[in-house]
Amino acid sequence: MQNAWLYIGLFLIIGIIVPVAPLLISWLVAPKKPNPIKQSTYECGIETVGDSWVQFKAQYYIFALVFLVFDVETVFLFPWALAINKLPLYTVLEGILFILILVAGLVYAWRKGMLEWM
Amino acid sequence: MSIPLSWYLILSAALFSIGLFGVLARKNAIAILLGVELMLNAVNVNLVAFWRYLEPAKMAGQVFAIIVFAVAAAEVAVGLALIISVYRRRKTVIADEIDLMKW
Amino acid sequence: MTFWSDPVNFIAAWLRGILAGWGMGAALANILLALSGIIVLVVFALVLDIFLVWVERKVVARFQDRLGPNRIGPFGIFQPFADIIKLIIKEDITPEGADKVVYNIAPVLAATAVILLWAILPLASTIYGVDLNVALLYLVATGALGALAIIMGGWASNNKYALLGAFRMVAIMVSYEVPMVVALLIPAVITGTMSVKGITEFQSGVWIVILSPLAAVIFIISAIAELGRAPFDLNEAESEIVAGFNIEYTGMKFGWFYASELLHSFTFGGFIAVLFFGGYNFFGLEKYPLLGVVIFLAKALFFYWVIMWVKYSMPRIRIDHMLAFSWKFLTPLSLALLIITAVVDKFLAPTNFYMLGMFLTNVVIAWLTIEILRAYGKRQRKAEETPVQPVAEAAHH
Amino acid sequence: MTPVQIIFLLCAALILASALMVVTTRNLIHAALWLVAALFGVAMLYAILDAGFLAVVQVVVYIGAIAILFIFAVMLTRREMRDRGPQLRKDWWLAALLSLLVFAGLAFLLVTQPGVNRSAAVMPEGLDTLGKLGAALVSPDAYVLPFEVASVLLLAALIGAVYVAASKK
């Protein structure tokens, strides 16, 4: 178990070094002649208008919220999925009850019209 | 595993204290919630360390850690929803300025 | 143990002997060997990535009735190398107002998140990085890191279009992760393991796509969405937000976003192959690991091609349709499928009807879904055709 | 010093440094990103503790969902909050003092506790922690009640959050 994670740790280190290396090479060989016009925000080619903080739709937030709850749900479901083959039938029903309770939440959000993009 | 249990517990105590500082000292309500997250993580480190060091064959520590995940998720969902709702009405996220319910 | 049945361990044992001859400790030697194995694996993935740039450009050219790159080398195969040299010697511009540290970390994190996936990909029965027992969740976790990289890049660029692109990308990832994870739960229920290697070994008999074709379809759709490729490429909708989260990036930093997108697509092609289409299994040929690698890569390339096929044939969908498709269709469908799969699996696992039962269940669910959609569409059309019908009249239908 | 201890100390340094940045940095997006770093360090601790499942869950739930939600929330409440003035209350030193006292108290309790320096229990050979975890979550004589209650808790959180977020002025 620990060896597997040691391996992942080594993989992480290599996985960081490998993308950094070409960036370093680029930093060494690429020309560096900054000037204000070059450094200005590109956006879409013309002069930028206004602030780069645009107001966001709160809708993005609602979807992230529903997602958070379902994400945590799946964490509970993975151990359940591994266990049901070895355990009696009612354990399957417990998991189904778990899912159905959360589906009620999805139905509520749906009914409330929070899944519409307004 | 040559790490004494106390190392984990001290680390978790330090993390908890830093989180507590964040909760007490920050003005912004979202930053306060960030501090709460740190405190919950400190608790989880403790739970998992006790599971590993005392009784790895019983799953109590891991189960509780997962429940803490669920609690943290619920807390963040409701907490941030409240903060955003308050922000929409009062245009502030400074915890001290949200004082309508003080008296 | 010969070279043909277990090449990795064969070479490892040989190298271990040499290192021991130099008087190196066993633990250190193991770590060195693991490191060199990782470097070989990562370099292999990146060389493949370079090759994928060529494949992508050649294939899209054929789809659009063009020739594609054809100047450098035979069939233009050395074009990507020229591209890389150009990207490296280009001046790197950091826009003013950008958050420098976050801006520079984002492309590295995007590449790392994809490279990390190769740690668990079983190339053949004896050629794989590591057999992780939580591999399915690991797959989801690296996706989370990728989403973080995108939001970091979009935020740090100090550009409203980049930020909008990042927000859209995260909205897509957030919406399609739920059906994807539930589709991942179905192989876990069927095989009783979360290790991709275990799932592949299970499929030496029957591929999971036969047991649960719907799960495979759901996984492919949500994988395409997670990759942010068309028709879900709202994150870089050129006509709306210029180029999405990577507008301000230049040179090799842009190069990493581009390369990691391609490698991500290929890796997901590999995971589709591993989880649902037997991985390296192919009529007993997998006994020879090197042949297994070829089979696996062929399958992965095929699904990579399917992803490209979808990308170059479909128009981009609108954001409200994208969200509705996930939350109102794929998520309920995948949850229903999970519930029914769990029950059927429990009842039929010990019997001989397992395969047939699972397959028929999926067919029935698919049929019911299509019927519901048809009825809904009919109602929708009727409502559009007769907009001014009195309420009492409408109630009769 | 064994290699594991060195890895632990590196993780601990990452966690504590990032946690300090979380509570002190002015820019709230940076605070959220530092939180990600701290939580990633905690995930590494779980991996050292042989709790691989919790390590990936930590990344999936905290980095994949909670951190993203925080970043969204910061951006949504941003317009008025352009880092004007200090982010700490005026009496932050009081909070610092209290936190230090809490830490000192906890540390004192810990070092005086017998058996706190024990080393890890032996992992039974071939222990399938994942399978046991699944069995524990659904067995009636173990934790099936918390399992279902967690579902109800999440449902309540979802309904509450959606209700609050949906309510118009």
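1. Which C-alpha atoms of chain B and chain C lie closest, and how many Å apart are they if no contact joins the two chains? The closest C-alpha atoms of chain B and chain C are 14 Å apart, and no contact joins these chains. Two residues are in contact here if their C-beta atoms, placed from the backbone, lie within 7 Å.

2. This is a predicted model: local features need pLDDT of at least 70, side-chain atom pairs count only at pLDDT 80 or more, and totals for chains, interfaces and linings use all residues. Residues are numbered from 1 along each chain as its sequence is written, while chains are lettered from A and ligands numbered from 1 in the order in which they are written.

3. Chain A has four helices and zero strands, in the order α-α-α-α along the sequence. Helices (H or I, at least four residues) and strands (E, at least two) are DSSP runs, numbered from the N terminus. Of the 118 residues of chain A, 42% count as buried. A residue is buried if 20 or more other C-beta atoms lie within 10 Å of its own, exposed if 12 or fewer, and partly exposed in between, with C-beta atoms placed from the backbone.

4. A:L82 belongs to helix α3 (residues 58–83) of chain A. This residue counts as buried because it has 26 C-beta neighbours inside 10 Å. Leaving aside neighbours within four places in sequence, A:L82 is in contact with C:A188, C:G192, C:T193 and C:M194, and also with D:L130, D:G131 and D:G134.

5. Five pairs of chains touch, and the most contacts are between chains B and D. There, 75 residues of chain D are in contact with 65 residues of chain B. On the side of chain D, at least two residues each come from α1 (3–24), α2 (28–48), α3 (52–76), α4 (92–112), α5 (129–138) and α6 (144–166). The largest share, 11 residues, comes from α4(D). By class, the side of chain D that touches chain B has 60 nonpolar, nine polar and six charged residues. Ala, Val, Leu, Ile, Met, Phe, Trp, Tyr, Cys and Pro count as nonpolar, Asp, Glu, Lys and Arg as charged, and the others, Gly among them, as polar.

6. The contact between chains C and D takes 15 residues from each of the two chains. On the side of chain C, helix α5 (residues 135–156) gives the most, with 10 residues. That side divides into 14 nonpolar residues, one polar and no charged.

7. Helices α5(C) and α3(D) pack with their axes 8 Å apart, at an angle of about 25°. They are therefore roughly parallel to each other (angles under 35 degrees count as roughly parallel, over 145 as roughly antiparallel, 65 to 115 as roughly perpendicular and the rest as oblique). Axes are lines fitted to C-alpha atoms, for helices over the stretch in contact, and angles run from 0 to 180 degrees between N-to-C directions. Residues making the contact include C:L137, C:Y138 and C:V140 of α5(C) and D:V56, D:V57 and D:V59 of α3(D). The residues of this contact divide into 17 nonpolar, one polar and no charged.

8. Chain C is divided into domain 1 (1–86) and domain 2 (90–349), with bounds from an automatic or database domain assignment. Their centres, taken over C-alpha atoms, are separated by 21 Å. The contact takes 17 residues from domain 1 of chain C and 16 residues from domain 2 of chain C. On the side of domain 1, α2(C) gives the most, with 11 residues.
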